[in-house]
Amino acid sequence: MTPAPSIVVIGGGPRGTGVIERIAANAVELYGDRPLDLHVVDPHPAGGGRIWRPDQSPLLWMNSMAEDVTMFADETVELAGPVVAGPALDAWAEDVRAGRITPDADPAVLAEIHGLAGADFPTRRLQSAYLRWTYERALAALPPGITVHEHRTTALAVTGPRGGRQRVRLQDRPEPLLADLVVLTVGHLDAEQDPEQQGLADFARRHALVHLPPDFTADSDLDALRPGEPVIVRGFGLAFVDLMVLLTEGRGGRHENGEYLPSGREPVLYVGSRRGVPYHAKIGYPWTGERPPLPQHLGPTWTEEMLSRTGPLDFRRDIWPAVAKELGHAHYHRLFTAHPERTALAHEVFAEKYAAADPGSPELAGLIAEAVPDPADRLDLDALDRPLDGVRHDSPEAFQEALRAHITADLARRHDPERSEDLAVFLGLLSAYAQLIRLGDIGSWWHGFFSYLASGPPGPRLHQLLALSRAGVVRFLGADLTVETDEEQGLFRARSATVPGARTEARALVEARLPDPSLRHTASPLLRALRDGGAAITDDGLLAVDPADGRVLDDEGRPHPRRLALGPFTTARAGGAFTRPRTGGPAFRQNDAAARAALTFLRDLSCRGLLAS
């Protein structure tokens with residue numbers, strides 16, 4: 001008897017759930033009522049996966065408002081398959097409150113859902129309930145011929161010939177899963193320590209110190225950090241925010257009326273990074289009025305021209321000028337249309353000259369200086385990226401005051417509709433990301449810059465950071481942070497260019513960031529097996545995939561007919577964990593293309609009777 005075709009999705013988090021939703025949406029058109037076995041492999045509950053699992057502290061929030069999170073495509077997304085409407089997180093919560101949806105969630109999460117408003121920042125465990133419901137809805141939408149099998153375990157390896165069934169080896173299972181096609185959506189995974197981290201870990205062991213390497217903060221051993229003791233923290237992004245919350249409120253402290261009331265169980269966090277400042281706060285006002293026409297200077301035609309070039313692209317030379325011009329277009333379009341009193345030239349005249357000027361040229365700089373009198377109204381991307389470049393302070397105390405002023409100013413600006421050109425730049429970033437993701441691997445700098453400007457923490461978290469700074473629980477170190485080891489003293493030592501001559505010593509060091517997604521140092525046996533089995537790896541250590549449908553490329557550039565991959569460990573990584581409604585999210589397009597490629601391949605195998613044993 002001919003076996004039913006089988007597809008194995010490895011990773012049941014948001015990316016895997018998104019692919020399954022697209023399989024359900026496209027199955028009737030591309031696969032019909034044929035039988036198919038769909039296997040989902042993840043040690044954590046499908047829907048949320050590891051990062052969005054339900055058993056997390058209620059203190060941990062999303063860094064997006066409920067109204068800005070959706071798992072469903074809309075008409076703004078370029079899809080080959082059908083758009084299947086579904087609720088964003090805030091609309092889903094309203095459906096729960098109205099009794100139209102009954103999620104499988106514990107009473108505490110249900111209480112959060114009933115109190116949720118669109119402008120609220122939900123907890124991660126609430127988001128987990130939304131993701132689980134999305135997953136279950138996708139399963140319910142599958143045709144009757146598709147049978148789903150969940151495996152709550154870890155995939156260790158995928159083997160098999162290009163022309164035959166793949167074998168997915170599972171942890172603690174003697175027999176592999178047989179798959180006609182495999183989709184890897186494993187998300188963020190642990191990493192082996194690179195040489196620097198291994199050296200720091202060895203030093204910590206020799207001197208009985210604490211070293212916490214890059215990790216998902218909720219899984220780090222924070223109990224090792226002792227009350228009252230200094231801790232050097234390297235990293236000022238979202239992982240730091242989680243760390244800050246768990247070591248303060250998580251240890252019994254309270255925020256009241258803008259002040260922090262310590263419990264006495266907190267360590268003292270000395271934080272610095274490359275930039276030396278936290279990510280920009282989430283923008284706290286809605287869009288009104290005319291939107292900038294996007295894309296304008298960085299659209300599909302430009303992308304196709306880049307893809308047609310021979311040889312590798314250089315980001316700064318070939319790509320960044322178009323990105324900068326696109327972001328400037330969004331910024332100045334909003335400034336001229338919404339705040340014309342701050343401009344000195346007719347918008348039509350400016351727009352024509354701006355479009356004609358070369359990016360970064362003296363002509364463009366002169367045009368902007370003429371048309372926008374106040375330098376504070378001009379877009380300076382270099383200053384935004386590195387606000388502490390060249391800034392020096394005579395003492396750590398002077399820097400504490402200065403950085404609190406910087407954070408306060410950022411909060412005020414990001415919540416001021418009179419500065420709505422910032423929201424226009426955010427929309428420009430989303431538009432640019434949708435194009436750049438088509439280029440494949442363009443290096444890591446762009447992804448970090450995007451996250452710094454567009455994916456920062458909720459405003460309330462930065463208000464809490466200010467309160468913790470005033471209470472002395474958090475101390476700022478500055479930019480270009482370096483960490484040294486002192487064998488004689490048995491201590492970690494941190495220095496920053498921002499406060500020359502100052503140094504901070506501690507017996508604990510925390511690397512506040514997720515592990516690098518590079519396959520060169522991955523701790524995943526699955527990804528190591530792919531790496532060692534001939535899959536193509538980029539200079540940044542990412543798994544190379546075909547940007548058209550996510551097929552894994554080998555070291556000769558050939559797409560594997562039976563292996564697809566999507567997510568942060570691939571060249572098909574997308575910005576942010578989730579998509580805002582009506583922003584044409586590229587992750588939806590990727591998921592749809594992968595699902596359609598998988599269904600077409602499996603249909604053709606079935607029709608030709610080529611299911612291999």
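Helices H9 and H10 cross in a left-handed way. Left-handed means that the near helix is turned anticlockwise from the far one by less than a right angle. This is a predicted model, in which local features need pLDDT of at least 70, side-chain atom pairs count only at pLDDT 80 or more, and totals for chains, interfaces and linings use all residues. Residues are numbered from 1 along each chain as its sequence is written, and side-chain values use heavy atoms, with hydrogens and water left out.

The axes of H9 (residues 347-356) and H10 (residues 362-371) come within 10 Å and cross at roughly 165°. Axes are lines fitted to C-alpha atoms, for helices over the stretch in contact, and angles run from 0 to 180 degrees between N-to-C directions. H9 is therefore roughly antiparallel to H10, a term for angles over 145 degrees. On H9, the contact uses Phe350, Lys353 and Tyr354; on H10, it uses Leu364, Leu367, Ile368 and Ala371. Contact means heavy atoms within 4.5 Å. Helices (H or I, at least four residues) and strands (E, at least two) are DSSP runs, numbered from the N terminus.

Next come the strands. S4, S5 and S6 form an open sheet in the order S4-S5-S6, with antiparallel pairing. Two strands pair if DSSP finds at least two bridges between them. S4 (155-159) and S6 (177-179) stand at the edges with a single partner strand each, so one side of each has no neighbour in the sheet. From one strand to the next, the twist averages 25°. The table sets out two pairs.

| Strands | Bridges | Direction | Residues opposite each other |
|---|---|---|---|
| S5 (residues 166-170) and S6 | Three | Antiparallel | Val168 and Leu177 |
| S12 (residues 268-272) and S13 | Four | Parallel | Gly272 and Gly478 |

Strand S13 (residues 474-478) is mostly covered, with five of its five residues buried. Buried means under 20% relative accessible area, using a 1.4 Å probe and protein chains only.

Now the cores. A nonpolar core is a set of buried Ala, Val, Leu, Ile, Met, Phe, Trp, Tyr and Cys residues joined through side-chain atoms within 4.5 Å. The largest one has 73 residues, and Phe240, Leu436 and Trp446 touch the most other members. Helix H13 (residues 421-436) gives the largest share of this core, 10 residues. Another core lies apart from it, with 52 residues, among them Ala46, Tyr135, Ala179 and Leu599.

What is Phe240 in contact with, leaving aside its neighbours within four places in sequence? Its contacts are Val233, Gly235, Leu269, Val271, Leu465, Val474 and Ala512.

Definitions and conventions: Buried < 20%, exposed > 50% of the residue type's maximum accessible area, 1.4 Å probe, protein only. Parallel < 35°, antiparallel > 145°, perpendicular 65-115°, else oblique.
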